[in-house]
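Here is a briefing for a first look at a protein model. Keep the sequence and the 3D view open as you read.

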Amino acid sequence: MALESVAAIQAALGQRLAPQLYTLWNRSAALAQIAEAEPGASHNCAWDVEASQTTQQPDTVAEGADVAAGELQSDLNDAAKLGWADYRTGFHVSQRTFDAAASSGGVTAEQLVDMFERRLMSKAQALLSKINKDLYAGNGTSVVSGQPNIIGLFGGATDATGTYAGLARATYAEWAGYVSANGGSPRALTLPLMALAERNLFVNCGETPTHILVSPGSYSKYETFFTNVLRVSGDSGVGGATYSAGASQLTYKGIPIVRDKDCPAGKMMFFNANYFRVKFLPQAGKPRDAILAEMRKLSGGAHNAPVTATSIPFRVEILAKNGSSTRVSLWTSIQAAALKPNAFAQVLDIDES
């Protein structure tokens, strides 16, 4: 008598899956979590700035001297202006898919039973992951769509030269960040290199950074400084906030060092959260033909990792139906604003090998 194996009857057996869904992607977003979001207004993202006048600096004068006309100079006011960038994604699911998932019960992952909410959450996390990348590297124009995008920390917002938000650094020297580069040639990360960046930031703006944002490779290089005793300060940042998207256990002069998967390789940013905002264009009233419209907050994460909650809102709209399926659009109009570029310092060309 031949042995009957499972292979002979497996097609007739039911399938029961684990109750937990295992996500394979990493959509953590450390910078987006740290950055404060606030509403903007009107047709662009704008804020006022004040810079020193340079034609006549204070000085000593002769006793009894008359006040010259050149001494009567005020500091200079101007407006920084950036265009809005529209970030969008969506999904298209048949009604049968929703019904089948809802009736699956205990035979499939619990998170898939409510298919609509699952798709909404995963697409929102994908949207945030893209935004987080552009908060670092966006240069104002997407290489994929050719449409406006965020001007990020390494994309012109904190450079030492050039124009940012319509203001030229050749005109306003205080509009420049500090940049330490090595002409594109990788170099070793050293404590004197970091000390120079922190010192110049302090000289330029009179404050110290609140965080140091680094790529995972640069974080590892900094970690090698502590060969005998690894000093840690707990997994919490300034004010007790936990940066779950990246380790913040290492510090430099008490400043948390936060690694972010989206920070470009070989780069380090001395960052002041007090002068960086993600500005968004608020929703005006209710859309005329949307079944569902609301402002939610984007969040990111990875499997079994804490959710990286942000204050960046996005809009959810169910689009018109042509049949028995649902089309959903998620989008937000935002822009990043380095309100005081001289409160930031870049360290580039770090050898991560």
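This is a predicted model: local features need pLDDT of at least 70, side-chain atom pairs count only at pLDDT 80 or more; totals for chains, interfaces and linings use all residues.

A165 sits in the loop that runs between β7 (163-164) and β8 (167-168). Residues are numbered from 1 along each chain as its sequence is written, and side-chain values use heavy atoms, with hydrogens and water left out.

- Most residues other than glycine have a negative phi.
- A165 is not a glycine, yet its phi is positive, at about 55 degrees.
- A165 is buried, because its relative accessible area is 5%. The cut-offs are under 20% for buried, over 50% for exposed, and in between for partly exposed (1.4 Å probe, protein chains only).
- S42 also has a positive phi, near 70 degrees, and is a residue other than glycine.
- S42 is placed in the loop between β1 (36-39) and β2 (45-51).
- Is S42 buried or exposed? S42 counts as exposed, because its relative accessibility is 53%.

**The chain as a whole**

- The chain has eight helices and 18 strands.
- Of its 353 residues, 42% are buried.
- Contact means heavy atoms within 4.5 Å. Take the contacts between residues at least 6 apart in sequence: 74% of them join residues at least 24 apart.

**The largest pocket**

- Rolling a probe the size of a water molecule over the atoms shows where empty space is left.
- A pocket is found on a 1 Å grid over the protein atoms alone, as an open set of points where a 1.4 Å probe fits, with protein on both sides within 12 Å along at least five of seven lines. Lining residues have an atom within 4 Å of a point.
- The volume of the largest pocket is about 250 Å³. That volume is the space filled by probe spheres set on the points, with grid points joined across faces, edges and corners.
- Its lining consists of D86, Y87, R88, K130, D134, S142, V144, S145, Q147, P148 and N149.
- Two or more of these residues come from each of β4 (85-94), α5 (115-137) and β6 (148-151).
- Which element gives the most to this lining? β4 does, with three residues.

- S325 belongs to strand β17 (residues 325-338).
- S325 is buried, because its relative accessible area is 17%.
- Beyond its neighbours within four places in sequence, S325 is in contact with H92, V93, S94 and Q95.
- The side chains of S325 and H92 are joined by a polar contact of 2.9 Å. A polar contact is a pair of N or O atoms within 3.5 Å; within protein, one must be able to donate a hydrogen and the other to accept it, and residues adjacent in sequence count only if both atoms are side-chain atoms.

**A100 in a helix**

- A100 is part of helix α3 (residues 95-102).
- A100 is partly exposed, because its relative accessible area is 41%.
- A100 and V113 are 13 residues apart along the chain, and their C-alpha atoms are separated by 8.4 Å.

Technical notes:
Helices (H or I, at least four residues) and strands (E, at least two) are DSSP runs, numbered from the N terminus.
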